[in-house]
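Biologist: Please take me through how to read this structure, one feature at a time. Give me the general idea, and then the case at hand.

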Amino acid sequence: MRRSALFSWLQAAPLALVLAIFLVVPMAMIVVVSFFDYSAFSLIPDFVFTNYREAFGSAVTWRTFGKTLWYAGLVWAITFALGFWLAYYLAFIVRGEMTRMVLFVLCTVPFWTSNLIRMIAWVPFLGRNGLMNQALIGAGLIDQPLEFLLFSDFAVVLAFVHLYTLFMVVPIFNTMMRIDRRLLEAARDAGASFWQTLWVVILPLCKPGIGIGSIFVVVLVLGDFATVRLMSGGQSASVGLMISNQIGLMQYPAAAANAVGLLVMVLLLMAAILRAIDIRKEL
Amino acid sequence: MSKTTLTRRGLLALGGAALGSGAVTGFPTIWAQNIKDVTLRQIGTGVSGLNPIAEQVKKDLGFTLQLTVTDTDAVAQRAATQARSFDIADIEYFSIKKVYPTGAMQPIDTQRIKLMDKVVPIFTTGKLTPESQMGQGTSPFSVGFVESKDAKGFAGKRTELMTLMPTVYNADTLGIRPDLVGRPITHWKDLMDPAFKGKASILNIPGIGIMDAAMVAESAGAIQYGDKGNMTREEIDKTIAFLIEAKRAGQFRAFWKSFDESVNLMASGEVVIQSMWSPAVAAVRSRGVQCVYQPLAEGYRAWGSGLGLMRHLTGLQLDAAYEYMNWYLSGWCGAFLNRQGYYSAVLETAKASMSENEWGYWMEGKPATAEILSPDGKPMEKAGAVRDGGSFQERMGKVVCWNSVMNEDRYLVTRWNEFIAA
């Protein structure tokens, strides 16, 4: 008994060590630094609350956190709606393993280039003199170019949806494929309509996949700074962007305080998702 | 017998050394054999972190210059926090005001800089000509010298020890699309003209952006500054309020942070008037799009950068770094930078490396007598073209402020973030 307990500890040790060194220690450092004082030239080890007071005493910080949450919520809703039906199509409509695999690989095509390139590619498409506006004007639908297409919240959300829908599709598709088809037949035999089957059978069984997809999307959006900056043309702020600005100007303690705030927000959201959905069923 | 036989390898090395020393007179003074193994790692911005310079260093001096290019803020950040990850910082003077006091760098012994006395007086006395004004803000002279090897503060006068060896500088103004603005642009306040609603941009680097904003606010008569380069809290508040008001009214299309963003905004027509850097204007023009670096009545906002030695450099590497700095002033590099529309620190040697037509166009404000080629050999301007803003004296003589780090820097950055988030 003692021997086997020791053995399990040993087995867990490498991972625990890696996590401790590369996750716990840096996190702890961030928390420590967030209480430091700083001048234009250097960090001053101290224990002060000024960073938190400056950050969370300002309406701008709250607005920025609110805006970031708003992005996360909106992007989550859209990627979920899109991702669910894409996965549904792949899992239940498409016949034949081969076709399914080909279509699935097609979904991943955007991921063959980098994040940044996928984002930048939107610029010539959505710009004032971009392809979209030229097409719309050419078709006689509008006579003034639509300005909101680029450097706006619309552009930010569009880019997020483009970047992250796949993170929703994959886990939901995965859980759908595991659903026993006989359950669907039984539902139909028992007289359930399409929507009833969806609501009572498929959706509950997909919950772990939805949970994992939601975690991916929400965490990625909350931590983002590049998409928001590029697609809003620097006109909108997110918490990530605010932190990146502060790091760029060597205001590490202020950035750390905001990072701790963001971390708390992410952890609360994760807790909420995990409370609603038991993703361990998936594993 | 065998002792006196020269091997093929030996001959090649000798030949290489002879060629190397022949290319530039007086260089290199160190043995070519062991300096070839030296690698100097340089970090800087896209302004002068250019591959042709590294290639020419290899050719003329024999050692390897490894370039890392990033944005202005990131250079300062890396220099202050990861000083050992490179050897030479190609950094702006306003950044050095923050970085030098961290002790990451060592001062430069001016006695080892051969052309020190030929350096443009902006850097050595603070004034272009004895009569000219110094300009507000973090001028290169104010942070250019230190009293001693361990000093953390700046001397404010010429000493034997420099913080940065000046390399490149320029006078900045607004860039416009003359085909799209539809009227002559004469003042900084034109950036806020409601006619350009949704078509203006300003750069999102607080230390520089705030200066452009101050030029605009002052020009519009909205704010009077005691010293634009070192604003009080109240002045910062007013400037940010001025910017937020314009932002809420939809004046700005976007804010840019890197050189290529500004080029794309302008070339695509998203923006018709914005803060811009000189080579960005050239880059827009080289795409066949009209773009003018518009001189304005109030004058220019200037910047300068230089090479700084990291504290850990010693021995042969340090010698190589001094070789490199001397080479930088010796002509080829100055000419190369002048052809980008920047200015080099020693004009005499650069002049010798440029054709009369080039010198006339870039430095004297004369109409080009023949086609002007860009540094990579593409035609840039036709014969008869005149540089925007005119000669070196006219442009650098009208500098009213320099890019700055202010005493209220921390407050400024907080408020600037509010403007971006507003």
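Modeller: Start with strand pairing: two strands pair if DSSP finds at least two bridges between them. Strands (E, at least two residues) and helices (H or I, at least four) are DSSP runs numbered from the N terminus. Residues count from 1 along each chain as its sequence is written, with chains lettered from A and ligands numbered from 1 in the order in which they are written. The model is predicted, so local features need pLDDT of at least 70 and side-chain atom pairs pLDDT 80 or more, while totals for chains, interfaces and linings use all residues.

Biologist: Which residue stands opposite B:Ile202 in strand 11 of chain B?

Modeller: B:Phe255 does. Strand 10 (residues 200-203) and strand 11 of chain B run parallel and are joined by 4 bridges. Strand 10 of chain B also runs parallel to strand 12 (residues 273-275) of chain B, with 2 bridges; there B:Ala200 has B:Ile273 as its bridge partner.

Biologist: Which way do the residues of strand 10 of chain B point?

Modeller: B:Ala200 and B:Ile202 point one way, and B:Ser201 and B:Leu203 point the other way.

Biologist: How should I read parallel against antiparallel?

Modeller: Strands of a sheet pair through backbone hydrogen bonds in one sense or the other, parallel or antiparallel. For the antiparallel sense, look at the open sheet of 3 strands in chain B, which has the order 5-7-6. Strand 5 (108-109) and strand 6 (145-146) of chain B are at the edges with a single partner strand each, so each has one side without a neighbour in the sheet. Strand 5 pairs with strand 7 (residues 161-162) of chain B over 2 bridges, and B:Ile108 stands opposite B:Met162 there.

Biologist: What do strand 1, helix 3 and strand 2 of chain B make?

Modeller: They make a right-handed β-α-β unit, with helix 3 covering residues 51-61. Right-handed says that, with the strands pointing away from the viewer, the path from the first strand over the helix to the second runs clockwise. Strand 1 (residues 39-44) and strand 2 (residues 64-69) of chain B pair in the parallel sense over 6 bridges, and B:Gln42 has B:Leu67 as its bridge partner.

Biologist: How is chain B divided into domains?

Modeller: The domain assignment, automatic or from a database, gives domain 1 (27-171 + 302-352) and domain 2 (174-298 + 391-421). Their C-alpha centres lie 27 Å apart. Each domain contributes 24 residues to the contact between them, where contact requires C-beta atoms, placed from the backbone, within 7 Å. On the domain 1 side, helix 4, helix 5 (93-99), strand 8 (165-172) and strand 14 (300-310) of chain B each supply at least two residues. Helix 5 of chain B has the largest share, 3 residues.

Biologist: Which residues touch the most other members of the largest nonpolar core?

Modeller: B:Ala89, B:Ile273 and B:Tyr324 do, in a core of 176 residues. Such a core is a set of buried Ala, Val, Leu, Ile, Met, Phe, Trp, Tyr and Cys residues joined through C-beta atoms within 7 Å. Helix 8 (residues 153-178) of chain A gives the largest share, 12 residues. Domain 1 and domain 2 of chain B both give residues to this core, so it lies between them. Beyond its neighbours within four places in sequence, B:Tyr324 is in contact with B:Leu40, B:Val57, B:Leu61 and B:Leu65.

Biologist: How many residues of chain B are in contact with chain A?

Modeller: 30 residues of chain B, against 23 residues of chain A. Helix 4 (72-81), strand 11 (252-256) and helix 17 (409-421) of chain B are the elements that give two or more residues to the chain B side. Helix 17 of chain B gives the most, 8 residues.

Biologist: What does chain A contain?

Modeller: Chain A has 13 helices and 2 strands. Its C-alpha trace spans about 80 × 70 × 30 Å along the principal axes, and 32% of its 283 residues are buried. A:Phe151 sits in the loop between helix 7 (131-138) and helix 8 of chain A.

Biologist: Why does A:Phe151 count as buried?

Modeller: Because A:Phe151 has 29 C-beta neighbours inside 10 Å.

Notes: Contact = placed C-beta atoms within 7 Å. Buried ≥ 20, exposed ≤ 12 C-beta atoms within 10 Å, placed from the backbone.
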